[in-house]
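This report goes through selected residues of one protein model. The sequence and structure come first, and the comments follow.

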Amino acid sequence: MPAAELILKNANVITMDAKRPRAELVAVTGDRIFLVAGDGELASVAGAKTKIIGCQGKTVVPGFGDAHCHIFSFIRKLLGLDLSSSAVGSITDMKAAIHSRAQKT
């Protein structure tokens, strides 16, 4: 088995696997988790350059980075016109803002 670049040990790993819902160790190389196991596997995956983080029983959960956009809010911001009292001070200001946007559209 290859040596891990990063190992999280002594963790409460939530695996989302019904057959084995918990583990204690996560081993990572590059951008991949290659082992989820018990702390007893530490020696088989640790190398001289492995960074080991003791989690002190804290919980580790699966997740992902979610870069997303709420498309309708984004469209409303792009196409909408702010006529709130903080943006305009009078009916004349509103008419001017609407006229300006209509010219651009």
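Arginine 32 and aspartate 31 are both exposed. In this predicted model, their side chains meet in a salt bridge, with an N to O distance of 3.9 Å. The cut-off for such a pair is 4 Å, so the distance of 3.9 Å between arginine 32 and aspartate 31 qualifies. Side chains of opposite charge can pair when their charged atoms come close. A search of the whole structure finds one salt bridge.

The next residue is threonine 50. Threonine 50 sits in the loop between helix H1 (42-45) and strand E6 (51-54). Is threonine 50 buried or exposed? With a relative accessible area of 13%, threonine 50 is buried, because the limit for that class is under 20%. Setting aside residues up to four places away in sequence, threonine 50 touches Ala3, Ala4, Glu5, Leu6, Ile7 and Val45.

Alanine 48 belongs to the loop between H1 and E6. From alanine 48 to alanine 23 the chain runs 25 residues, and their C-alpha atoms are 24 Å apart in space.

Leucine 8 is part of strand E1 (residues 6-9). Its relative accessible area of 18% is under 20%, so leucine 8 is classed as buried. Which residues does leucine 8 contact, leaving aside neighbours within four places in sequence? They are Glu24, Leu25, Val26, Ile53, Cys55 and Val60. Proline 21 lies 13 residues from leucine 8 along the chain, with 17 Å between the two C-alpha atoms.

A nonpolar patch on the surface is formed by Ile71, Phe72, Phe74, Ile75, Leu78 and Leu79. Together these residues have about 650 Å² of accessible area. One of them, phenylalanine 74, is placed in helix H2 (residues 71-79). At 42% relative accessible area, phenylalanine 74 is partly exposed, because the value falls between 20% and 50%.

The accessibility values given above are collected here.

| Residue | Relative accessible area | Class |
|---|---|---|
| Threonine 50 | 13% | buried |
| Leucine 8 | 18% | buried |
| Phenylalanine 74 | 42% | partly exposed |

Note on methods:
Residues are numbered from 1 along each chain as its sequence is written. This is a predicted model: local features need pLDDT of at least 70, side-chain atom pairs count only at pLDDT 80 or more; totals for chains, interfaces and linings use all residues. Side-chain values use heavy atoms; hydrogens and water are left out. Helices (H or I, at least four residues) and strands (E, at least two) are DSSP runs, numbered from the N terminus. Buried means under 20% relative accessible area, exposed over 50%, partly exposed in between (1.4 Å probe, protein chains only). Contact means heavy atoms within 4.5 Å. Patches are made of residues with over 30% relative accessible area and no salt bridge: like charges are joined within 9 Å, nonpolar side chains (Val, Leu, Ile, Met, Phe, Trp, Tyr) within 5 Å. Accessible areas come from the Shrake-Rupley method with a 1.4 Å probe; for residues, only the protein chains shown count as cover.
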